[in-house]
Amino acid sequence: MYKLYLKPGKEESLKRFHPWIFSGAIARMEGTPQEGETVEVYTSKNEFIAKGHYQIGSIAVRVLTFRQDEAIDKAFWMRRLSAARLMRQSIGLASRPDNDTYRLVHGEGDNLPGLVIDIYARTAVMQAHSAGMHLERMTIAQALQEVMQGQIDNIYYKSETTLPFKADLYPENGFLVGGSTDNIATEYGLKFHIDWLKGQKTGFFVDQRENRSLLERYAAGRHVLNMFCYTSGFSVYAMRGGAQLVHSVDSSAKAIDLTNQNVDLNFPDDTRHAAFAEDAFKYLDHMGDRYDLIILDPPAFAKHRDALRNALQGYRKLNARAFEKIKPGGILFTFSCSQAVSKENFRTAVFTAAAMSGRSVRILHQLTQPADHPVNIYHPEGEYLKGLVLYVE
Ligand code: SAH
């Protein structure tokens with residue numbers, strides 16, 4: 001086993017179970033581990049402190065265990081996956097008859113840094129964000145099959161875009177198990193085509209489930225604009241909630257295609273819905289003041305810290321347009337999924353936008369990611385989704 005020694009004092013965050021070791025904390029290494037291999041980490045006083053996947057980059061080690069006697073073998077993956085499944089079962093999410101769409105593994109939130117697994121009906125979509133998880137994919141897939149006890153037939157691996165460029169791993173997307181083309185999954189009774197072959201993330205934004213469900217409660221009789229609709233999750237919930245009209249907008253023609261398919265799947269021939277492939281800012285400029293329920297769920301404006309200032313400006317501009325145009329008595333659901341943007345930063349951007357419009361605005365709800373995207377208490381960085389529901393007079 002490769003050994004890696006920390007600089008004096010650099011073990012403090014690990015003592016508080018933080019799962020990352022930054023490259024700057026490393027004093028020296030015994031041996032030359034390849035990217036993705038497992039290393040043991042020792043303090044400057046030669047005491048074992050953690051074991052994890054090594055990678056070249058700012059995060060040098062993603063911790064898998066703080067116990068020296070815990071081997072990283074199939075039994076390990078089975079224990080971690082079972083714990084993840086048990087949590088989803090015990091909160092009622094994995095056992096509802098009207099829902100077979102949920103996140104089974106949320107990286108650090110499930111003590112599996114670098115690994116994401118979403119369940120869509122009888123298919124699991126697995127995504128590696130680290131070289132270590134990529135190398136372990138076959139063992140993880142075997143463990144997953146056993147842990148799911150016959151509830152899945154297919155495991156699709158989708159990591160081409162999530163693996164670091166530096167790791168020359170030739171990742172290929174494809175089925176590790178099974179190969180079904182039946183891609184319809186159910187979320188709280190609504191049906192969605194999940195595009196795990198070409199779609200964003202694992203094919204669907206599982207993380208907005210509870211927020212879509214909340215939106216449904218406010219939709220009755222309203223004129224809804226779902227901006228950045230992607231696969232139209234918010235739109236179909238609004239339709240079920242009794243919206244009078246729903247317009248879905250996304251700059252990607254592919255997203256508009258998926259949107260129309262999903263609306264048809266749930267509400268065939270329903271004339272309340274229309275979808276438009278257009279840039280958000282252009283649409284917001286010419287749309288007039290007909291909407292009284294607006295959803296703004298843009299892509300991550302800041303993928304890195306240095307992009308923070310531009311991102312905040314983006315949120316300000318976008319929200320300012322919505323505040324200017326929304327009908328009196330309207331409700332705005334506004335989100336940020338950028339990890340680099342804090343809750344406070346986002347709030348300030350939205351507040352500034354509200355002030356620019358001069359409207360009276362009240363906060364009805366402060367939203368975040370759902371329970372199947374848990375935040376490891378020792379890894380606050382895991383909190384990424386932020387949302388505000390605002391009543392605009
Ligand atoms: N609300 C969606 C997820 C949104 S993802 C859901 O619940 O599933 C962000 C979407 O914004 C993507 O589909 C992307 O195509 C779209 N997008 C990115 N830039 C855009 C722009 N300038 N104008 C309109 N849509 C844009």
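Modeller: This is a predicted model. Strand E17 covers residues 293–296 and strand E18 covers residues 330–336. The two strands run parallel and are joined by four bridges.

Biologist: Which residue in E18 stands opposite Ile294?

Modeller: The pairing of E17 with E18 comprises four bridges. Within E18, the residue opposite Ile294 is Leu332.

Biologist: Which strands are the edge strands of the open sheet?

Modeller: Seven strands form the open sheet, with mixed pairing, in the order E16-E15-E14-E17-E18-E20-E19. An edge strand here pairs on one side only. The edge strands are therefore E16 (273–277) and E19 (361–367).

Biologist: What angle does the direction of helix H9 make with that of E18?

Modeller: Helix H9, residues 308–325, packs on the sheet. H9 touches E17, E18, E19 and strand E20 (386–392). Its direction makes an angle with that of E18 of about 170 degrees.

Biologist: Is helix H5 roughly parallel or roughly antiparallel to helix H6?

Modeller: Helix H5 (residues 209–218) and helix H6 (residues 233–240) pack at an angle of about 30 degrees, and their axes are 8 Å apart. Angles under 35 degrees count as roughly parallel. H5 is therefore, relative to H6, roughly parallel.

Biologist: How many charged residues does the contact of H5 with H6 have?

Modeller: Residues of H5 including Arg209, Arg212 and Glu216 meet residues of H6, among them Phe234, Tyr237 and Arg240. By class, this contact has four nonpolar and three polar residues. The number of charged residues is four.

How values were computed. Residues are numbered from 1 along each chain as its sequence is written. This is a predicted model: local features need pLDDT of at least 70, side-chain atom pairs count only at pLDDT 80 or more; totals for chains, interfaces and linings use all residues. Side-chain values use heavy atoms; hydrogens and water are left out. Contact means heavy atoms within 4.5 Å. Axes are lines fitted to C-alpha atoms, for helices over the stretch in contact, and angles run from 0 to 180 degrees between N-to-C directions. Angles under 35 degrees count as roughly parallel, over 145 as roughly antiparallel, 65 to 115 as roughly perpendicular and the rest as oblique. Ala, Val, Leu, Ile, Met, Phe, Trp, Tyr, Cys and Pro count as nonpolar, Asp, Glu, Lys and Arg as charged, and the others, Gly among them, as polar.
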